[in-house]
Amino acid sequence: MARKSEADGNTIIKDLQPIFQEQEMTETVHAWEDHGYLATYTGKNGSFATVRIYPRGLVLIDVQCSDEPQEKASAHQILNKIEEKMQEILHNSIRQVKRLPALVRGAPVDRYWPTADGRLVEYDIDEVVYSKESPYQNIKIMHSKQFGNILILNGDVNLAESDLAYTHAIMGSGKEDYYGKEVLILGGGDGGILYELVKLNPKMVTMVEIDQMVIDGCREYMRKTCGDVLDNLKGDCYQVLVEDCVPVLKMYAKEGRTFDYVINDLTAVPISTSPEEDSTWEFLHLILDLSMKVLKDDGKYFTQGNCVNLTEALTLYEEQLNMLSCPVQFSKEVVCVPSYMELWVFYTIWKKRSGS
């Protein structure tokens with residue numbers, strides 16, 4: 001909560017004591033010669049507080065209580081009185097006070113989801129609209145006041161109705177002409193890429209998504225993203241195959257079938273920087289190799305990378321591109337995806353032409 005300039009920890013504990021006694025909270029104090037003080041306070045109703053004083057001046061204060069209005073009001077009152085008392089004890093010499101919003105644990109709707117680089121984000125989620133455990137993953141679609149419905153797979157924010165920027169980026173950011181082209185989408189069960197592509201008059205789009213439950217959930221609850229393209233698995237210029245993409249890619253490669261564009265919407269670059277210990281790296285390498293086999297010589301392969309802060313993982317991915325059976329070149333773009341609350345890297349990959 002506060003960073004003090006200098007004060008005796010024992011004095012602070014004694015001066016704060018009446019605040020907790022007013023709430024009929026029982027005190028226990030631990031002291032360490034070189035590591036400061038820890039005071040815990042427990043109330044009859046199950047609420048409790050901790051005051052941790054570090055030797056170099058940092059004071060951390062936590063108050064936990066139930067979600068009952070009276071207990072929440074009491075917790076705020078305690079914090080207000082502590083802040084006033086600390087100013088008095090330290091003669092207004094506190095350099096900084098930072099009070100964080102309350103973390104709500106065990107609520108019916110989970111509002112906390114981690115970013116790719118490990119920061120905790122609180123979303124304004126107010127409802128779970130779809131929740132299923134498929135043979136492949138845990139699927140949730142949750143409603144956010146800002147972002148609309150959000151698809152969350154295995155605890156990772158996948159796509160929200162607000163995230164057209166993601167879809168445009170993984171399609172080449174409006175720089176490509178899809179008219180009359182053959183396109184292969186790997187994954188993409190939310191239907192967003194397919195919905196945007198069919199507007200551009202391609203010759204045929206083939207989408208290969210393994211999880212029918214993702215398609216079912218998004219068809220009903222992500223219609224701002226997918227429109228009506230998931231209502232039927234076949235249309236005038238598209239087809240959706242509910243299959244594992246690996247055998248499909250192998251079949252297309254064996255048949256000699258090729259595409260102008262391959263869009264990989266399967267998974268982000270792994271956070272782990274140890275390919276030998278992470279099977280996702282092996283999977284990504286396999287998908288890349290197979291995709292190059294079905295990509296036309298002048299075709300393009302689009303995929304997401306990961307958060308711009310994960311420089312080691314992104315560098316390792318780029319190193320993996322140099323190890324493919326087919327020599328490739330690549331470019332990348334950084335895009336702000338609203339519901340991710342972080343900048344996201346997207347890759348364009350193409351076969352290296354002789355002499356280039």
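Visitor: Hi! Which residues of α7 meet α8 here?
Guide: Hello! In this predicted model, Cys245, Val246, Leu249, Lys250, Tyr252 and Ala253 are the α7 residues that do so. Their partners in α8 are Phe283, Leu286, Ile287, Leu290, Ser291, Lys293 and Val294.

Visitor: And how do those contact residues divide into nonpolar, polar and charged?
Guide: In the contact of α7 with α8, 10 are nonpolar, 1 is polar and 2 are charged.

Visitor: Where do the two helices sit in the chain, and at what angle do they cross?
Guide: Helix α7 covers residues 245–255 and helix α8 covers residues 279–294. Their axes come within 9 Å and cross at roughly 30 degrees.

Visitor: Why is α7 called roughly parallel to α8?
Guide: Because angles under 35 degrees count as roughly parallel, the crossing of roughly 30 degrees makes α7 roughly parallel to α8.

Visitor: Is that crossing left-handed or right-handed?
Guide: The crossing of α7 past α8 is left-handed.

Visitor: Okay, zooming out. How many helices and strands are there?
Guide: The protein has 9 helices and 19 strands.

Visitor: Is the whole thing compact or spread out?
Guide: The protein is more spread out than a compact globule, because its radius of gyration is 27 Å, well over the 21 Å that the globule rule gives for 356 residues. Along the principal axes, its C-alpha atoms fill a box of roughly 80 × 45 × 35 Å.

Visitor: What share of the residues is buried?
Guide: Buried residues are 47% of the 356.

Visitor: Last one: what share of contacts joins residues at least 24 apart?
Guide: The share is 57%, counted among contacts between residues at least 6 apart in sequence.

Note on methods
Residues are numbered from 1 along each chain as its sequence is written. This is a predicted model: local features need pLDDT of at least 70, side-chain atom pairs count only at pLDDT 80 or more; totals for chains, interfaces and linings use all residues. Side-chain values use heavy atoms; hydrogens and water are left out. Axes are lines fitted to C-alpha atoms, for helices over the stretch in contact, and angles run from 0 to 180 degrees between N-to-C directions. Helices (H or I, at least four residues) and strands (E, at least two) are DSSP runs, numbered from the N terminus. Angles under 35 degrees count as roughly parallel, over 145 as roughly antiparallel, 65 to 115 as roughly perpendicular and the rest as oblique. A crossing is left-handed if the near helix is turned anticlockwise from the far one by less than a right angle, and right-handed if clockwise. Contact means heavy atoms within 4.5 Å. Ala, Val, Leu, Ile, Met, Phe, Trp, Tyr, Cys and Pro count as nonpolar, Asp, Glu, Lys and Arg as charged, and the others, Gly among them, as polar. The radius of gyration is taken over C-alpha atoms; the globule rule is 2.2 Å times the number of residues to the power 0.38. Buried means under 20% relative accessible area, exposed over 50%, partly exposed in between (1.4 Å probe, protein chains only).
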